[in-house]
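Below are some notes for a colleague going through this entry. They are meant to be read beside the coordinates.

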Amino acid sequence: MSAKAISEQTGKEFLYKHISPSAAVQNRFHYATVTAETDWDRLTQENQWLLTKRLVVKPDQLIKRRGKLGLVGINLDLQGVKDWVKTHMMKDTTVGRAKGVLKNFLIEPFVPHKQEEEFYVCIYAVREGDVVLFHHEGGVEVGDVDAKALKLTVAVNDKISEEQVKEQLLSHVPEDKKGVLASFIVGLFNLYEDLYFTYLEINPLVVTSDGVYVLDMAAKIDATADFICKSKWGDVEFPPPFGREAYPEEAYIADLDAKSGASLKLTLLNPQGRIWTMVAGGGASVVYSDTICDLGGVDELANYGEYSGAPSEQQTYDYAKTILSLMTREKHPQGKVLIIGGSIANFTNVAATFKGIVRAIKDYQEPLKEHEVKIFVRRGGPNYQEGLRVMGEIGKTTGIPIHVFGTETHMTAIVGMALGHRPIPNLPPMAAHTANFLLNASNNTVTPANTRTASFSEPKMANDVSPAKKSKAGLPADYLHSILWPLKNVVTGDRKAKATTLFSNHTKAIVWGMQTRAVQGMLDFDYVCSREEPSVAAMVYPFTGDHKQKFYWGHKEILLPVYKNMADAMKKHPQVDVMISFASLRSAFDSTVEAMQYPQIHTIAIIAEGIPEAQTRKMIKMADEKGVTIIGPATVGGIKPGCFKIGNTGGMLDNILASKLYRPGSVAYVSRSGGMSNELNNIISRTTDGVYEGVAIGGDRYPGSTFMDHVLRYQDTPGIKMIVVLGEIGGTDEYKICQGIKEDRITKPVVCWCIGTCATMFASEVQFGHAGACANQASETAVAKNQALRDAGAYVPKSFDELGDLIRTVYDELVASGTIVPAQEVPPPTVPMDYSWARELGLIRKPASFMTSICDERGQELIYAGMGITEVFKEEMGIGGVLGLLWFQRRLPRYACQFIEMCLMVTADHGPAVSGAHNTIVCARAGKDLISSLTSGLLTIGDRFGGALDAAAKQFSKAFDSGMLPMDFVNKMKKDGKLIMGIGHRVKSINNPDMRVQILKDFVKQHFPSTQLLDYALDVEKITTSKKPNLILNVDGFIGVSFVDLLRTCGGFTRDEADEFVEIGALNGIFVLGRSMGFIGHYLDQKRLKQGLYRHPWDDISYVLPEHMSM
C-alpha cells in the first residue's frame, strides 16, 4: 500500500518542521498528545503554554467532521480540557458505520478569530499532477468543496507561483490577505511535494493579522517513499482507521513484510468471527473477501490479508502460525473455517510455501481440532500438485478436515463449500507432479487462426493494417477517434503516437536485472511457440562487468550477453524495442528514465512494487511525451500467446500448455493483478478458444498504462473478437470504458467485473493488497463501477463466481454467429525440463558431489549438527560447545566444553620467537595480507612445533592399551631411537614448571571422571625428568593425553569412535585453532606498529663456505 493516513499531530509536525519560514505559520509545535496513560504534571512541565493559554482539545484518530459530531472542546482552560477528556476518554463512539473507542487526544492553543478569517485548502494527487482546491469560506459548514472550491491543477514536474495562486484561487479573498495566503499555499505545495504527501487538507485555515494558523488537518503520505524521506519523516506511526483496533499481530506481520522481499499483509476485521482466510495474491485476496460477503459471511469474516511474491517456507510458517493462533483463541458454536486460497501462481513454488503452512498446522493441530476448524484449500501454480498432496496428507495424519482442490476447480468455489452453499465434491486423485509439460497435454483439437499484427520490431505489411472503423456521422474513423480519444495513436502537442500492437513473434527485449529464471522462462515460452529466435536479446546488470550468461534454447545451450551499461546494450542491439525492468523499487525510476532516452524502446514493463507515486507519475508523463507504453509498476507483466511473454507471466510451462498460451485465441484481457491474470488465462482457456493477448497493468494507483489504453488496442486489433476486463475498487478508469461503449468507440463484446465489492459492507475502511485498491469516493467503489458498466452495455456477471460462465456464453454466441471460427490445433514442440526443477519434483536423482553431516544452512536457520543456531545461543554453549558440535557431532558435557576453551586459551600464543609467530611476523612486515601471513605461520606446525598433540595421544594410547609399563615404554622408545612426542621443552623444566600445564592439570583432575592415560603420561614424566629436568610433559602432550581421556570417558563416544578421532588428526586442530588467534594478533601488532620489511642481521648468520672453497 502506498497512500497511508497519518495522525493530525504527525501531519502538523511535518508542516511546522519543514514548511518555508516565509509561510508565516503561527503556533509552531504548540500541541500536546493525551492518552489514558498521560501524566498531566509531566505534560504541563514539558508544555508550559498549557498553563497560560486558552485551549482546544479533540480526538486524533482519523475521524472526519469532528466538529459536527461534537467531538471538539473549544476555548477551555487546562482544567476544562481535563474534564472534557475525562468524559470522552475510552468511551464507545459511533462515527458513520464505524464503532470505536476514543483514546488519543490532541490539545492545541485556541485561536480567537472571525468567521470571515476561515479558509479551506486541500491538495491531492491525480494521474496528471496535483490539484489545489481553495475556498474562501472554511470551517465546519464548508459543504461540498468539490463543487464550491476554486481549482488549480499543477501538472507533473511543474511548480506554482504566488501570482498563479492569487489569479486562480484567491479571487474572492480580501486584498490584505492575498499576499500571506499565496505565500502559505506555495510553501504548503512545496512541502506537499518534498515530503511525498498524496493528500493534505486544512480546514479551517485561519488568517489573522498575526499570520496563518493551521487549525484542523488531515493528511496521507506515500509510505513507499520511506527510502527517500526517512531523514525528514523519522519513524512514522500509521494509525488504523477509526473503528478498528491496532492489533500486535498486525504489527508483527507488518514487520515481517518490511523485512521481506515478499508481500505479507494482515488486517483483523472481527477476531471473534468464524471465517478466516489465508490467501495468496493481492487480487485473489480481494476476490475471496468479495465472495464470502456475497454469500452472507460479512459479519463472520475475521480477517483480510494476503501473502505473495514467493515468500520463503519460514515466512509462510510465521504468517500461518499467526493466523492459526488468532483463530484458536475463542470458540465459536458453529466451529470455524479456514480458507487457504489463491489464484494460479506465476512464479511462487506452491509446494515450498505450503510446507510452511503444514508446519503451522502440525504445531496447532490440537487447538484446531478443539475449535472444530475445517480447512478448504484451492491453489495452482509451480509444483502445486505436490503442495496439495502434502496438504491432503497432513489432514489425514492429524484428523483435521482438509479439503484440497487444484486448478480444475473454480477459484472461489471453495468459499461456497466452506459456507455450506454448495456440496463438497469427491475429486479423483490429481497428477503427482508438474512434469506433464514434457508431453503435449492438450486434448482440444481446435484452435483459432493465427492472426497477428506487426509491432515496431516487425515491418508493417499492407495486410497488417487494421481496417478503419465506420463512424456514425460518415466522418473518417481517424478523425472521430482524434476527437474522442485525443491522447491515443495520434500526435497531440508534445505527445507521440503509441503502438497498437506491442508484441509480435519477432519482438526483441532487453531484461534489466540478473533474473535468470525469468529469462529462461521467456526462452522456453519462445521455443514452445515455435519462434525462430529467442525474444531476449541481452541483459543489463550494472553490478558486474560485461560477460555472457548461459541459457537453454530448447535442447541446446546458448549464451546471452550481459552488459554493465544500458547504452552498450542499446547500441549493440538496435532491433530491441521492449525493456523488461526487474530493477528494485529504489532504482526502477532511474533505469526507466534512462531507457526512455533511446528512441528504439517503445514498451517498458516495470515489475517492481513500491515505487513512490510521484516517481511513477513522472515516468508516465515522459512516456506519453515519447510515445512509450509502460506496463506496471507492480505487475507480473503480460503475455501474447504464440509471440512473447514478459518475465514470469503465465507461470511455468505446464500452465502455459494447460492454458494453451503457446498459440493465440480470440479473447484479450486486461487486469490489475498479476496472479489474477493467470487465473484469467485458466478461465478463458476453459471457456473459449484461448487468449489472444493479456496484460496485467499493475496494482498501483497510477499504472503506467490504463485499462482503456489496452481496451482500445484490443478494439483496433482484428484478431481479437472479445475483451475481458477485471477491474478493481479504486480509481475511475473503468468509467472511460463505459464512455467508449456508449460512444461506439468500443464495439467488440466486453465482459467486465470489478473486484472489491465487499468494501461497501465493511464498517471501517480496509486497504486491500494493491496500493490502488481503495475507494476515496462513492464512484470509485466496485459496486458503482459494475453498475455503470452494466448500464453502458458491457457484460457484467452477478459475481466473480459467474465470470467464467458469462465468458463462455458470450464466446458461444460469437462462434454461433460466425465471428469466431475455431482452427485446428497444432501440437507445440516439447521442451525438456530443467534439471533443478526435475530434482525439485523428485523425478530424478544423482549422486551428490559432496556430503556433509555437521552443518545445514539451507533453511531459515543455520543448523550445527542438528542444533539450530538460536538454540546454541539460548543454551550458552560457547566456543567449546560449538566446536563439539562441528568437530565431534556431539553435545559435549559442560566440563568438556570448558576444557576445550581452556586449551584454546593456553595455546593461543607463546611469544614471537617460536617459528610460527616468526614466519607470520616476517610475512606481515613484507606487506602481505592477513590470510597469507597467517598461512605462513600455520605451515610451520608439525611434529617439531605444535603438532605433537596427535602423535603424543597415539604413542601414549598405544603403550597404555598394550599394558606396557611406563619404564618399558621409555626404554623401548630409546631403543628404537624415537622421541617421545609431548615430552620435553626448550625452556621449561621440572624446576621451572609450565603454568599452562599446571592450570589444565588442576581442572582435569577436578572435573574428568577418569584420567587413566594422563596418569600414565605423568608416570612417564617422572622417569624422563629423572634423567634430564626439561623432559617434562609439555602442553602439547598434556592436551593430547587428556583429550583421549575425555573422549573415552565423557559418555558420548564408543571406544572405536574415540580412537578414530585421534587417528584422523582432530587433536592437532586444537593447537591450530588456538594458535591462529596468536598469529593474527602478531600480524595486527606488526601492522599497528608500522614495521618495515624484515632483513635478518648479518651478525646473526654464520657464513660457512665449503672447505675446498676456503682453501
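Predicted model: local features only at pLDDT ≥ 70, side-chain atom pairs only at ≥ 80, totals over all residues.

1. Helix H29 against helix H34. Two packed helices are described by the angle between their axes and the distance between the axes. For H29 (residues 894-906) and H34 (residues 995-1007), the axes come within 11 Å and the crossing angle is roughly 175°. Angles over 145 degrees count as roughly antiparallel, so H29 is roughly antiparallel to H34. On the H29 side the contact is made by Tyr895, Gln898, Phe899, Met902, Cys903 and Val906. H34 contributes Arg996, Ile999, Leu1000, Phe1003, Val1004 and His1007. By class, nine of these residues are nonpolar, two are polar and one is charged.

2. Helix H32 against helix H37. The axes of H32 (residues 948-961) and H37 (residues 1055-1063) come within 9 Å and cross at roughly 140°. That angle makes H32 oblique to H37. Asp950, Ala953, Lys954 and Asp961 of H32 meet Arg1055, Val1062 and Glu1063 of H37. The class count for this contact is two nonpolar, no polar and five charged residues.

3. The annotated span. An unreviewed UniProt entry places the feature "domain: CoA-binding" at residues 502-611. In the model, the span is 25% helix and 29% strand, and its end C-alpha atoms lie 24 Å apart.

4. Helix H16. This helix covers residues 516-528 and has 13 residues. From first C-alpha to last it reaches 18 Å, close to the 18 Å expected at 1.5 Å a residue. The buried residues in H16 are Ala518, Val519, Gln520, Met522, Leu523, Asp524, Phe525, Asp526 and Val528. Just after the helix, serine 530 takes a positive phi of about 65°.

5. Glutamine 61. Is this residue buried or exposed? Glutamine 61 counts as buried because its relative accessibility is 11%, and the cut-off for buried is under 20%. The residue is found in the loop between strand S3 (55-59) and strand S4 (73-76). Leaving aside residues up to four places away in sequence, glutamine 61 touches Val101, Leu102, Lys103, Asn104 and Phe242. Its C-alpha atom is separated by 85 Å from that of serine 962, 901 residues apart along the chain.

6. Cis peptide bonds. Most residues other than glycine have a negative phi, and most peptide bonds are trans. Where do cis bonds occur here? One runs from asparagine 203 to proline 204, with omega near 0°; proline 204 is found in strand S11 (residues 197-208). Another joins glycine 632 and proline 633, with omega about 0°. Proline 633 is found in the loop between strand S27 (629-631) and strand S28 (638-640).

7. Positive phi in loops. Methionine 90 is not a glycine, yet has a positive phi of about 60°. The residue sits in the loop between helix H3 (78-88) and strand S5 (92-95) and is partly exposed, with a relative accessible area of 46%. Glutamate 372, also not a glycine, has a positive phi of about 55°. Its place is in the loop between helix H12 (365-370) and strand S18 (373-378). With a relative accessible area of 54%, glutamate 372 is exposed.

Definitions and conventions: Residues numbered from 1 in each chain as written. Heavy atoms only, no water. Axes fitted to C-alpha atoms, helices over the stretch in contact; angles between N-to-C directions. Helix = DSSP H or I, 4+ residues; strand = E, 2+ residues; numbered from the N terminus. Parallel < 35°, antiparallel > 145°, perpendicular 65-115°, else oblique. Contact = heavy atoms within 4.5 Å. Nonpolar A, V, L, I, M, F, W, Y, C, P; charged D, E, K, R; others polar. UniProt positions renumbered as here; feature names shortened; annotations may be inferred. Expected span 1.5 Å × (residues − 1). Buried < 20%, exposed > 50% of the residue type's maximum accessible area, 1.4 Å probe, protein only.
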